[in-house]
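The questions below are meant for someone meeting this structure for the first time.

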Amino acid sequence: MSLELKNIYKIYPNGYQAISDFNLKINDGEFIVLVGPSGCGKSTTLRMIAGLEDITHGDFFIDGKRVNDLPPKDRGIAMVFQSYALYPTLTVYENMAFGLDLAGFDEDIIKKRVTETAEILGLTQYLDRLPKALSGGQRQRVALGRAIIRKAKIFLMDEPLSNLDARQRVNMRSELIRIHRDIGATTIYVTHDQIEAMTMATRIVCMDVGVIKQVGTPEELYFHPKNLFVAGFIGDPPMNFIRGHVADGTFTSNDGYYTFPLGLSGDALAKVNNRDIVVAYRPEHAIWHPKAEESEELVPMKGKVEVYEMLGDIQNVYLNVGKEKAIIKAAPDESVLIDSEINYYVKKSDFHLFDAKTEEAIEL
């Protein structure tokens with residue numbers, strides 16, 4: 001099913017505006033991830049889609065039909081919450097069958113659906129167990145099973161993996177992607193974890209304080225962030241920012257720590273010259289050992305090592321750069337010493353430029 005939210009606002013009786021002018025079209029079968037920091041309005045948006053929160057202003061459509069006033073039970077939506085909410089005295093089979101039994105389905109149909117769903121989720125051997133005998137990941141699969149068994153056309157998921165440990169989250173991410181591919185239902189997934197968003201989404205909706213900051217594929221948000229918020233939120237670690245001013249094609253940071261030519265000319269130079277901007281680059285774009293033929297394209301950078309994290313395949317190196325901070329990535333065998341000053345390089349083509357006042361990306 002397709003969904004469309006047009007000019008949606010959510011304003012509470014105390015005057016707090018949780019969602020402002022939210023506009024989004026969701027195509028049939030998409031896996032949409034709403035991502036953003038705590039309090040940005042993503043769960044409120046999900047609850048309005050489910051019918052659990054009233055829409056203050058605007059219109060919500062499912063397959064072209066306005067459903068603002070349609071009760072939750074009539075929207076054809078299945079929802080999976082952060083908590084598993086399983087009945088502790090019922091077996092996995094009984095938990096999964098509960099909703100269908102309540103709706104008066106024939107026992108043969110219930111058995112067929114439970115069996116099919118358990119096979120999809122790898123739960124066949126656990127059907128006679130109680131929830132307390134299951135791992136966190138298995139319980140979450142049972143909660144998913146209760147949603148899948150209804151054969152809903154729309155799935156809403158509100159941080160369903162947040163109670164799992166790191167290994168279980170990785171496993172369940174791949175499970176959810178596989179399940180979505182198998183059943184093809186339109187899925188809207190809420191998380192504050194941008195890694196979940198990047199790895200699972202067809203498209204990401206990045207939100208802050210009730211406003212959509214950017215909508216696009218994971219690649220679009222990663223390689224072409226439209227504003228400083230998205231640049232700083234998407235990516236792990238996030239982009240590094242250097243604030244400064246451009247004069248005669250040369251960028252100088254506000255604290256005077258950096259001065260370098262941007263290598264721009266013509267219309268591109270005209271867009272940034274005599275302007276306060278933010279130069280941004282990703283930690284993985286730091287080059288430690290440049291090749292001689294790359295020299296004209298490289299900008300020399302430096303910083304004092306404050307902390308470093310050895311992650312096995314990579315190191316995250318935290319730097320003091322003048323009055324600012326930066327994070328860069330280094331190979332695991334790179335020698336890094338606390339309080340030492342290091343030199344590295346960034347290609348001019350890897351810089352992203354933003355207007356310092358509007359915080360919007362400058363398209364060159």
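Q: Is aspartate 355 buried or exposed?
A: In this predicted model, local features need pLDDT of at least 70 and side-chain atom pairs count only at pLDDT 80 or more, while totals for chains, interfaces and linings use all residues. Residues are numbered from 1 along each chain as its sequence is written, and side-chain values use heavy atoms, with hydrogens and water left out. A residue is called buried under 20% relative accessible area, exposed over 50% and partly exposed in between, using a 1.4 Å probe and protein chains only. Because its relative accessible area is 11%, aspartate 355 is buried.

Q: Which residue meets the side chain of aspartate 355 in a salt bridge?
A: A salt bridge requires a side-chain nitrogen of Lys or Arg within 4 Å of a carboxyl oxygen of Asp or Glu, and here the N to O distance is 2.9 Å for aspartate 355 and arginine 275. The pair links distant parts of the chain, 80 residues apart, with aspartate 355 in strand β19 (residues 352–355) and its partner in strand β14 (residues 275–281); strands are DSSP runs of E with at least two residues, helices are runs of H or I with at least four, and both are numbered from the N terminus. The partner, at 27% relative accessibility, counts as partly exposed, and its name is arginine 275.

Q: How many salt bridges does a search of the whole structure find?
A: One of the bridges joins glutamate 53 to arginine 47, with the closest N and O atoms 3.6 Å apart, and Lys10, Arg47 and Glu53 are linked in a network of salt bridges. Another joins aspartate 69 to arginine 66, where the closest N and O atoms are 4.0 Å apart. Searching the whole structure gives a total of 12.

Q: Why does glutamate 53 count as buried, whereas arginine 47 is partly exposed?
A: The relative accessible area of arginine 47 is 30%, so this residue is partly exposed. Glutamate 53 counts as buried because its relative accessibility is 18%.

Q: How many of the 9 residues of helix α1 are buried?
A: Helix α1 covers residues 42–50 and is largely enclosed by the rest of the structure. Its buried residues are Lys42, Thr44, Thr45, Leu46, Met48, Ile49 and Ala50. After α1 comes glycine 51, with a positive phi near 90°. The number of buried residues in helix α1 is 7.
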